[in-house]
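Please keep the sequence and the structure in view while reading.

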Amino acid sequence: MTVTAPVARKRSALTKGQLPAFAPYVVLAVALVLGAAILALIGFNAFGWGLVSAILFAIGLVGWSAAVEGGRKASDKLATCLIVGSFLVALLPLISVIWTVLVNGIPGIITPGFLTTSMNGVTGSLDNKSVDEGTKVLGGIYHALLGTVQITLLATVISVPVGLLTAIYLVEYGNDRALARAITFFVDVMTGIPSIVAGLFSAAFFFAVVGPGTKTGAVAAVALSVLMIPVVVRSSEEMLKIVPNELREAAYALGVRKWRTIIKVVIPTAISGIASGVTLAIARVIGETAPILVTAGFATTINNNVFGGWMASLPTFIYTQILNPTSPSNPDPSSQRAWGAALVLIILVMLLNLGARLIARIFAPKAGR
């Protein structure tokens, strides 16, 4: 079927003054070629090529749009380029970190025994032997992984009840009283305190209660709970606030006491947001290094007692392997272990964030018909 002349003229009128659909691709190709040519003259590198190409792409597309579509559409193209460029600039460091950790951490993770052995008995001579003979690197992160799980679990047991009960008081009983305002103020202050301050507070507290030099996993858990509680309070408070008052009033109309209304109506309604907030709070503290160094020390052996003895964690394991290699003359085995532990830590944080999303979806209130 042939297109009649009036229809063709109508289509031409509709598309007149617009860039063709392939325009961005043409400009991108030209920008990449010109960027490579410019960088070849001054010294080629991938980052500079991408930056110069992005600038040339924005200039070319906006200029072409201004010539064909006018200033209004050109301004829209410029805003789009700035927004996309800002997103890519924010994304590049994340991609770079993930790529670097993957490249350097995978050799450590795939080493046999890395996840199931500790550093007990691993000396510099063994690292020197592994480098000289090309054998596998001995030693693993089992003791640090176990310590991280124990310390974080105890910190969660401390933080969640305190944070949730504080949020319930602020929302259900506070009524803008002086105590509620004071609690809100101190929670805001605690949200911004440096992690090392939390570690020093916990160490000083146990110094006064137990005695000097007390370093255990429990001390570290108290330090992490100081960092977790404000996050739990804030997230739980916001989730409790969005529960409709009509649900509370309906329960009161049936003669249900306030405490029972909170337990049976308010908390179940907000449980998805509360659970995801708790999970994010755990992800917030699981990678802390400074407070654990101050409060739990560092150990090379497995310690199953969180209330006695020094205890290792993944962040402190990474720190000590980089700062004090097992073999100062051959630091590569220690570096491999540190990168492997860093990759495991990132995987744990990623799983916690995915778990928060899954929990929010599972426990979200079901929509009615």
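The model is predicted. Its largest pocket holds about 760 Å³ of space, and its second largest pocket has a volume of about 200 Å³. The structure also holds one cavity of 30 Å³ or more.

**The largest pocket**

- The space in the largest pocket amounts to about 760 Å³, and 25 residues line this pocket.
- Of these lining residues, Gly50, Ala54, Ile55, Gly85 and Leu88 are the closest to the centre of the pocket.
- Three helices, α2 (23-42), α3 (46-68) and α4 (71-109), each contribute at least two residues to the lining.
- Helix α3 supplies the largest share of that lining, namely twelve residues.
- By class, the lining of the largest pocket consists of 19 nonpolar residues, five polar residues and one charged residue.

**The second largest pocket**

- The second largest pocket is lined by Leu94, Val97, Ile98, Val101, Leu102, Leu343, Ile346, Ile347 and Met350.
- Both α4 and α14 (332-362) provide at least two residues of this lining.
- Helix α4 gives the most to the lining of the second largest pocket, with five residues; α4 also supplies at least two residues to the lining of the largest pocket.
- The lining of the second largest pocket has nine nonpolar residues, no polar residues and no charged residues.

**The cavity**

- How much space lies in the largest cavity? The space amounts to about 30 Å³.
- The residues that line the largest cavity are Thr148, Ile151, Thr152, Leu224, Val285, Ile286, Ile292, Ser313 and Pro315.
- Helix α6 (residues 142-173) accounts for the largest share of this lining, three residues.
- The cavity lining divides into six nonpolar and three polar residues, with no charged residues.

**Helices α6 and α9**

- Two packed helices are described by the angle between their axes and the distance between the axes.
- Helix α6 and helix α9 (residues 217-241) pack at an angle of about 35°, and their axes are 6 Å apart.
- The contact of α6 with α9 comprises 21 nonpolar, seven polar and two charged residues.
- The crossing in which α6 passes α9 is right-handed.

**Leu164 in helix α6**

- Leu164 has its place in helix α6.
- With which residues is Leu164 in contact, leaving aside its neighbours within four places in sequence? The contacts of Leu164 are then Val232, Ser236 and Ile274.
- Leu164 and Ser118 are 46 residues apart in sequence, and their C-alpha atoms are 37 Å apart in space.

**Aromatic pairs**

- A pair of aromatic rings is described by the distance of the centres and the angle of the planes.
- A search of the whole structure finds three aromatic pairs.
- One of these pairs is formed by Phe201 and Phe205, whose rings are stacked, at 6.4 Å centre to centre and with 25° between the planes.
- Both Phe201 and Phe205 lie in helix α8 (residues 195-209), where four residues, about one turn of the helix, separate their positions.

Technical notes: Residues numbered from 1 in each chain as written. Predicted model: local features only at pLDDT ≥ 70, side-chain atom pairs only at ≥ 80, totals over all residues. Heavy atoms only, no water. 1 Å grid on protein atoms, 1.4 Å probe; cavity = no way out; pocket = protein on both sides within 12 Å on 5 of 7 lines; lining within 4 Å. Points joined across faces, edges and corners; volume = space filled by probe spheres on them. Nonpolar A, V, L, I, M, F, W, Y, C, P; charged D, E, K, R; others polar. Axes fitted to C-alpha atoms, helices over the stretch in contact; angles between N-to-C directions. Left-handed = near helix turned anticlockwise from the far one by under 90°. Contact = heavy atoms within 4.5 Å. Phe/Tyr/Trp six-rings, centres within 6.5 Å; stacked < 30°, edge-to-face > 60°.
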